[in-house]
Amino acid sequence: MIVPAYWAESRSQHREKNRQITVRRWGWSDTGQVEAQAHADERVRDALARLIAGEALPRREPKKAYNGAHGVPIREEIVERHGTSVITRNAYGARCLNTPDVLFADIDFDTTSPAGTGWAVMLLVAAAVGAWWFIESPVLGAMAAAVLAGLAFAARRRAAHRTAASPQPEALARERIATFMAAHPLWKLAVYRTPAGLRAIALHQRFKPDDAAVASFFDAVKVDPTYRVMCLNQHCFRARVSAKPWRIGIAQHLRPRPGVWPVSSEGLPARQAWVAAYEAKAGAHAACRWLETLGQGAIDLDAKAVQELHDQLSGATSERPIA
């Protein structure tokens, strides 16, 4: 699992005739700040040499909120350690549980409308307006506009009926999990409700993120593609275990912006003040709620310990509202 404790940035310049190249790179380490700086220096030397040789590379690594899906380690403050699991604070201030070998999967509900319906309605409305303006006869124009407007209205009603008659997003997500479990009865899954979907934790065994069984499960339940990439890049699974700030009435972003770690000594007081205000409100909410445990598989005790940590941190078995 790649969640470094120490970070440093290195900068190097090269001037040649009328051209100047300035390169910045981050370095990281679990050992100490000196090692992180040495890694940054090594990375910046390599990048500068490649740029001088003509390779197209970014001059600077941006502070991205979810670097874990873009090849750079997860740049988040480590809040706590529990065995091999690490609790970090993400770029918008929530706490996340990161684990190297216990499979977590968040499944967002699909709330998209039937494909093409919106465009069809828009085209019909545009045609109606066009008919009104471009047919020379006002009477014929009005008739054509009325017919096309009626067709647009009918298309909207048909789309609404299809949506009402189709299974609801939560039912579809749970059906996908049930279908997978029917084909894999020796799995054991704890299933939770999140504000925007479901969460599953595999309890029967531990997995590596690049295991074929993980890919099959992710395909079956339709896990977010960005999360899949993060799991592979960072050799871990993760789950948010505290509320999203905007769901508990905190409109101000984590300070200082853009919220990723590390933070300068000048910016640390603002961050600490934001975190204190956030944690005071977050304690009244849960990140998810346990729904059921599925499957006939025996429970792996290490996976169970991570589940218990998750449930404690997220308030999954409490009566607090999820956010």
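Trainee: Where does Arg271 lie in this predicted model?

Mentor: Arg271 lies in helix α7.

Trainee: Why does Arg271 count as buried?

Mentor: Start with the cut-off. Buried means under 20% relative accessible area. Arg271 has 2% relative accessibility, so Arg271 counts as buried.

Trainee: Which residues is Arg271 in contact with, leaving aside its neighbours within four places in sequence?

Mentor: Glu77, Arg89, Leu254, Arg255, Pro256, Gly259, Trp261 and Val263. A contact here means heavy atoms within 4.5 Å.

Trainee: Which other residues of α7 are buried?

Mentor: Besides Arg271, they are Trp274, Val275, Tyr278 and Ala282.

Trainee: How do you know that the buried residues of α7 line one face of the helix?

Mentor: Look down the helix axis. The buried residues of α7 fall within an arc of 100°, so they line one face. An α-helix has 3.6 residues a turn, so residues three or four places apart point the same way.

Trainee: Which exposed residues sit on the face of α7 turned away from its buried side?

Mentor: Ala276 and Ala280.

Trainee: What do the buried residues of α7 pack against?

Mentor: Three strands: β3 (77–82), β4 (85–89) and β5 (95–99).

Trainee: What makes the span of α7 close to the expected one?

Mentor: Helix α7 covers residues 268–282, which is 15 residues. From first C-alpha to last, α7 reaches 20 Å. The expected value is 21 Å, at 1.5 Å a residue.

Trainee: How does helix α4 do on that test?

Mentor: Helix α4 (residues 169–183) also has 15 residues. Its span is 22 Å, again close to the expected 21 Å.

Trainee: Which residues of α4 are buried?

Mentor: Ala173, Arg176, Ile177, Phe180 and Met181.

Trainee: What makes you say that the buried residues of α4 line one face?

Mentor: The arc again. Seen down the axis of α4, they fall within 130°, so they line one face of the helix. The face turned away from the buried side carries the exposed residues Ala182 and Ala183.

Trainee: What covers the buried residues of α4?

Mentor: The cover includes strands β6 (104–108), β7 (189–194), β8 (197–202) and β10 (289–294), plus helix α5.

Trainee: Now to α5 and α6. Why is α5 called roughly antiparallel to α6?

Mentor: Take the angle first. The axes of α5 (residues 212–221) and α6 (residues 225–234) cross at roughly 170°. Angles over 145 degrees count as roughly antiparallel. That makes α5 roughly antiparallel to α6. The two axes come within 11 Å.

Trainee: Which residues make the contact of α5 with α6?

Mentor: From α5, Ala215, Phe218 and Asp219. From α6, Tyr227, Arg228 and Cys231. The set divides into four nonpolar, no polar and two charged.

Trainee: Why does Lys222 count as exposed?

Mentor: Exposed means over 50%. Lys222 has 55% relative accessibility, so Lys222 counts as exposed.

Trainee: Why is His235 called partly exposed?

Mentor: His235 has 44%, so His235 is partly exposed. His235 lies in the loop between α6 and β9. Its phi is also positive, about 55°, although His235 is not a glycine.

Trainee: Which loop holds Pro256?

Mentor: The loop between β9 (237–240) and α7.

Trainee: What is omega for the cis peptide bond from Arg255 to Pro256?

Mentor: Omega is near -15° for that bond. The bond from Trp261 to Pro262 is also cis, with omega near 5°.

Trainee: How many residues apart along the chain are Pro258 and Tyr92?

Mentor: They are 166 residues apart. Yet their C-alpha atoms are separated by 8.5 Å.

Trainee: How many helices and strands does the protein chain have?

Mentor: Eight helices and 10 strands. Of the 323 residues in the chain, 40% are buried.

Notes
Residues numbered from 1 in each chain as written. Predicted model: local features only at pLDDT ≥ 70, side-chain atom pairs only at ≥ 80, totals over all residues. Heavy atoms only, no water. Helix = DSSP H or I, 4+ residues; strand = E, 2+ residues; numbered from the N terminus. Expected span 1.5 Å × (residues − 1). Buried < 20%, exposed > 50% of the residue type's maximum accessible area, 1.4 Å probe, protein only. Arc of directions from axis to C-beta. Axes fitted to C-alpha atoms, helices over the stretch in contact; angles between N-to-C directions. Parallel < 35°, antiparallel > 145°, perpendicular 65-115°, else oblique. Nonpolar A, V, L, I, M, F, W, Y, C, P; charged D, E, K, R; others polar.
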